[in-house]
Amino acid sequence: MSTMTIHLKIWRQKNANDPGHFEDYTLDEVSEHMSFLEMLDVLNENLIKEGTEPVEFDYDCREGICGSCNLVINGRAHGPKHKTAVCQLHMRNYSDGDTIVIEPPRAAAFPVIKDLVVDRSAFDRIIEAGGYVSVKTGSAPEANLIPIAQDVSNESFDYATCIGCGACVAACPNSSAALFTGAKLAHLNLLPQGQPEREKRTIAMVDQMDKEGFGDCSNHGECEAVCPVGISISAIAEMRKDYLKAVI
Amino acid sequence: MPSFIEALKSQVGRKFLTGITGLLLVFFIIFHLMGNLAIFGEPNAMNEYSKFLHSLGPLLWVARAGLIIAFILHAWIGISIWWNKRKARPQKYKVYSSKGGPSKQSLSSRSMAFTGIVLLVFVVIHVNTFALGDTETITVAGEQYSDLKQLVIDTFANSALYTFGYTIVMILLGTHLGHGIWSAFVSLTMRSKKTSAIVYTVGAIFAVLLAVGFLFIPLYIYFAGGCEAALISCN
């Protein structure tokens, strides 16, 4: 098993009010089989043994499905690989002696809580504004009551795979949340169940996105490139179409 | 339900306006280039075209008003997008790079605000030089024309600054449109991936053709010596 030495430059910030700074660390004997987060676990073990504060970073499932991890690695959200969340990134993508710069997603709408952890509740508020459908509660509905064409359900499900990690905002030169909002809207707006609230939902979620202080979408398309589930910027055009239809 | 004005002020509304005004301006410069190419036609063709446009009277003013409104709106929203972007990321990344793949991020897309502001300043100078410039009145076949063609030839033949300045600005125009044409269609809700790929390529080719078309004329006049040039016949 080959091991390597990795130099790290990590953003450290005590709290929201601390201006923050970069700290340099060197890790020896990093296994190529480690995931990126396991590498950070080893760093934190070392830091704890030394009696210093470990580096705070977000994670949960470590299976690429929860969207908790969202580090910006050498200037790219989720690191160098396409359609891969940080937790699914492995150290074999790096070489002995590499220097890796790790930063939190930077956006006014995602204030830093500590080190690499940011507050993404702006996304929650966008969802709360309209990311739901009204259903009849009580008895379970008849399974085949509402027919949905295969291509429609496929497209809707493609958008539904958004895990809300915020990489789109992190990578966007304008810090726009258009891909996230577009995906969340399209996932419901394409389905028959999403029709009753379609217009109200679109207006409310676009409005909330504006209020949260994200930048405008300039169609750079960088969001699609960093999205760990590969959501297409067609979601943004879909949002625009629905919004224009709703207000005209 | 937001009012019409509120809707236009939303992120979606702003991009819609940017796209539609941008495409309108692209249509305008296509006609503008066709007019410019009249310089290679009959000796008086360019002046006849100019006279024809002026003969449209109120219609010309309607077109001018539409263009001015589209131009100001496009520039205003563009600058506000740039301003919002600065507010939306107060702390910059130490390292930042594009991930490539499906990303459309390019020198062209990243420099829209810069190229746009250069074009804004250029248009003011350009209108002042030609549309409001001093032209001689000449008589051809008993009819009077203002000699716009001679003004164009004299301006470029005698000024390296104007010729090369114009050339650089036209390269920046091409850069702006390289991202701009495709982006306008996306802002106007183009969704299909297939169409998008075609529009991106066609838009970029169009951007290059327009820039080359515009910058060829001053360079040719400058290097071929104005009325001495093989392709230009003067009155």
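**Helix packing and chain contact in the predicted model**

Of the 235 residues in chain B, 30% are buried, a value that, like those that follow, was computed from a predicted model. The secondary structure of chain B comprises 9 helices and 2 strands, and its elements follow one another from the N terminus in the order α-α-α-α-α-α-β-β-α-α-α. Taken along the principal axes, the box filled by the C-alpha atoms of chain B is roughly 65 × 40 × 35 Å. Among the contacts in chain B with a separation of 6 or more, 76% join residues 24 or more positions apart.

Within chain B, helix H4 (58–88) has 31 residues and reaches 44 Å from its first C-alpha to its last, which is close to the 45 Å expected at 1.5 Å a residue. The buried residues in H4(B) are B:His74, B:Ile77, B:Gly78, B:Ile81 and B:Ala88, and the partners against which the buried residues of this helix pack are H2 and H6 of chain B.

Helix H6 (residues 112–131) of chain B also meets helix H8 (residues 160–187) of chain B, the two axes coming within 9 Å and crossing at roughly 135°. Because angles over 145 degrees would be needed for a roughly antiparallel arrangement, H6(B) is described as oblique to H8(B). The crossing in which H6(B) passes H8(B) is left-handed. On the side of H6(B), the contact is made by B:Met112, B:Thr115, B:Gly116, B:Val118, B:Leu119 and B:Phe122, while H8(B) contributes B:Val169, B:Leu172, B:Leu173, B:Thr175, B:His176, B:His179 and B:Gly180. By residue class, this contact of H6(B) with H8(B) is divided into 7 nonpolar and 6 polar residues, with no charged residue present.

Beyond H6(B), in the loop between that helix and strand E1 (137–140) of chain B, lies B:Asp134. B:Asp134 is exposed, since 6 other C-beta atoms lie within 10 Å, and residues with 12 or fewer such neighbours are assigned to that class. Between B:Asp134 and B:Lys87 there are 45 Å in space, C-alpha to C-alpha, for a separation of 47 residues in sequence.

The contact between the chains involves 41 residues of chain B and 44 residues of chain A. On the side of chain B that touches chain A, two or more residues each are given by helix H2 (11–36), helix H4 (58–88), helix H5 (107–110) and H8 of chain B. This side of chain B is made up of 15 nonpolar, 14 polar and 12 charged residues.

In chain A, the end C-alpha atoms of helix H8 (residues 234–247) are 20 Å apart, in agreement with the 20 Å that its 14 residues should span at 1.5 Å a residue. H8(A) is mostly covered, with 11 of its 14 residues buried; among them are A:Ser234, A:Glu238, A:Arg240, A:Asp242 and A:Tyr243.

Two loop residues of chain A were examined for their backbone angles. Most residues other than glycine have a negative phi. A:His78, although not a glycine, has a positive phi of about 65° and is located in the loop between strand E4 (76–77) and strand E5 (99–103) of chain A. A:Asp115, likewise not a glycine, has a positive phi of about 45°, and its position is in the loop between strand E6 (112–114) and strand E7 (117–118) of chain A. A:His78 counts as buried, with 28 C-beta neighbours inside 10 Å, and A:Asp115 is buried with 23 other C-beta atoms within 10 Å.

Conventions
Residues are numbered from 1 along each chain as its sequence is written. Chains are lettered from A and ligands numbered from 1 in the order in which they are written. This is a predicted model: local features need pLDDT of at least 70, side-chain atom pairs count only at pLDDT 80 or more; totals for chains, interfaces and linings use all residues. Axes are lines fitted to C-alpha atoms, for helices over the stretch in contact, and angles run from 0 to 180 degrees between N-to-C directions. Helices (H or I, at least four residues) and strands (E, at least two) are DSSP runs, numbered from the N terminus. Angles under 35 degrees count as roughly parallel, over 145 as roughly antiparallel, 65 to 115 as roughly perpendicular and the rest as oblique. A crossing is left-handed if the near helix is turned anticlockwise from the far one by less than a right angle, and right-handed if clockwise. Two residues are in contact if their C-beta atoms, placed from the backbone, lie within 7 Å. Ala, Val, Leu, Ile, Met, Phe, Trp, Tyr, Cys and Pro count as nonpolar, Asp, Glu, Lys and Arg as charged, and the others, Gly among them, as polar. The expected span of a helix is 1.5 Å times one less than its number of residues. A residue is buried if 20 or more other C-beta atoms lie within 10 Å of its own, exposed if 12 or fewer, and partly exposed in between; C-beta atoms are placed from the backbone.
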